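Dear colleague,

Please find below the structure that I am handing over to you. My notes on it follow directly after.

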Amino acid sequence: MSKKVVAVVVLLLIGVVGSLAAKVYIYIDSPATTKFPIAIPDFKNLGSVPDTKKVATALSSVIAQDLEISGLFRLVNPETFLENPDSSDITGDSINWRDWAAIGAEALIKGGYSQEGSRVMIEVRLFDVVRGDFITGKRYSGKPDDLRLISHKFADEVMYRLTGQKGVFQTRIAFVSDRSGQKEIYLMDFDGLDRQKVTSHRSITLSPAWSPDGKTLIFTSYRDGNPDVFTREVLYGREKKLSYRKGLNIAPDWSPDGKKIVLTLSQDDGNSDIYIINLLGEKISRLTREWANDVSPCWSPDGEEIAFVSNRSGNPHIYIMEVKTKKVRRLTFEGKYNTSPAWSPKGDKIAFTGRRNNAFNIYTIYKNGGGLRQLTFNSGSNESPTWSPDGRHIVFSSSRSGVKKIYIMRADGSGERATTWGKGNDTDPCWSPYLNYR
Amino acid sequence: MQVYILKGGELLMIRKYTSVVSIILFTLSLLWCSSCTKQVAPDEEEGIAGGSGTAGAQEGLTEEELEEARRRVEELKGKKGIKLSNIYFAYDDFSLSSQAKKTLVEDAAWMISNSQKKIAIEGHCDERGTEEYNIALGERRAKSAKRYLINLGVKSGQVSTISYGEEMPADQGHNEEAWAKNRRGAFVIK
């Protein structure tokens, strides 16, 4: 459970700043060229805190790792820093900008921490090295357990100030793991830390998804002897059985307006079809009627369309249905097995699992069917992609290490990194929306 | 009783008591088979999702075949040593092979002879492919077996179905041998 961080926002204006017109430092949507160089020295101990070295590097290294994962930043090598850390100033009053410009930094983050009773106080500032200007600053107060979250919060702030776009560093990933001996739902930070076991169904749980406000999880569980759909509040843990009809109740996805769930039901005839139900579990509409297996529905970000998997052509492929008219068009034509569609929050692309020559890999395709692109190669089975809420990252499951683990990568396939480790198989990852309540 | 089969597209006269139904089933099974060859490339081992949806017709089952099977069920009923056995499926397929049908005849005989026992048919898949798609496939496999059993005289209320997709393999191996063992319809006495 996340702890409340009391953020005391104190914007410290240094010298004559005037109006800082929102300068765009990084054009986030332009094709990747050079990365923005940023220097992040260790945070400074401003008062008595035990375990100082660990805290100092923990704070700066989490911010550094977040920015590095974004793919937009190059971290200036700390060994080249010219400044003397002991005499350095974190407020910006007496920073020697030339020291930082000389080693190639264009932005600089400086922070410090102190302890007040059982709480830790952190103040951190972002500077524009080229202009010698203060960009933004924050002061946070929290428990020692909150340090990572505080670092993620400031990394999000840095992203926002330099790119104009919200960062995803406070988001979480839900996934399934059998490390306890049975498949249960787990949560972790997007970088793999702070992993928590969420369910104790002691059965088989599958395919978690998030409500758009990030406060509820929805998933399938065999707890009661049948694949049924459950919801569970993230903060309070209250669970509810939402759909428990005879046959299959699987693959739920929450609508962008938060009011409906699309899922697969097979009822009694064994034929898997797509239905929409409301938050009481009542059927609103039936979207498919064919003899084929229709599974894995996924809403478009505008709620107008649903991508899903159907084997109506003889093999599983991805189709798109317009919800209002129920008109269906086929999206994938290459290969003989394309499943697990996930619609990018940007609305333009769909990621999916494709099998070619017995190898499973992650692909993306534009919603009009063009621009098919393979993102993973030569590394075991790569499946179940979902997108970060900014559409810049994809999380997926890969068996490349021998067991299935969760990996994240950028939307162009670069920057693959494992976010789970340890024993057991980790699958079915689902990236949370922005979690404004953290 | 006379049976004439005339050449060259002329009338096919059949036994009176099966009459028109047999022609329809036979024609439909031909049509189903022809649609098979359109969809499956020669080197593909995948099956197609069949299903004509016609009442009584099941994966090209003719009335004759069904009667023969029912007869064998009658023969086996009450016999000592009949077993309740699992059936197995081809990759990405839920149709019943002739071996599966043979096994189901004995399974039906067992169930009719033990009609007070409730049976669950579990549909399973091998580990390849997407979990959700495999749960749907497992459901088809379980229903496919149940439908055949009902055609053979088993009461619907005695049999329930459930799909586990790829979630509960019988063999944890990652090779063809293990996968073949996992693509099963498993019979469980409840």
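Helix α4 of chain B is mostly covered in this predicted model: of its 21 residues, 18 are buried. The helix runs over residues 131–151 of chain B. From its first C-alpha to its last, α4(B) reaches 30 Å, which is close to the 30 Å expected at 1.5 Å a residue. Just after this helix, B:Gly153 takes a positive phi of about 110 degrees.

As for the rest of chain B, its secondary structure consists of five helices and four strands. Along the sequence, these elements of chain B follow the pattern α-α-β-α-β-α-β-α-β. Chain B has 190 residues, and buried residues make up 35% of them. Among the contacts in chain B with a separation of 6 or more, 73% are accounted for by residues 24 or more positions apart.

I turn next to chain A. Chain A is divided into two parts, with domain 1 covering 6–163 and domain 2 covering 172–431. The centres of domain 1 and domain 2 of chain A, taken over C-alpha atoms, are separated by 36 Å. How many residues of domain 1 of chain A are in contact with domain 2 of chain A? Four residues of domain 1 are in contact with six residues of domain 2. On the side of domain 1 of chain A that touches domain 2 of chain A, the residues divide into one nonpolar, two polar and one charged.

With kind regards

Terms used: Residues are numbered from 1 along each chain as its sequence is written. Chains are lettered from A and ligands numbered from 1 in the order in which they are written. This is a predicted model: local features need pLDDT of at least 70, side-chain atom pairs count only at pLDDT 80 or more; totals for chains, interfaces and linings use all residues. Helices (H or I, at least four residues) and strands (E, at least two) are DSSP runs, numbered from the N terminus. The expected span of a helix is 1.5 Å times one less than its number of residues. A residue is buried if 20 or more other C-beta atoms lie within 10 Å of its own, exposed if 12 or fewer, and partly exposed in between; C-beta atoms are placed from the backbone. Domain bounds come from an automatic or database domain assignment. Two residues are in contact if their C-beta atoms, placed from the backbone, lie within 7 Å. Ala, Val, Leu, Ile, Met, Phe, Trp, Tyr, Cys and Pro count as nonpolar, Asp, Glu, Lys and Arg as charged, and the others, Gly among them, as polar.
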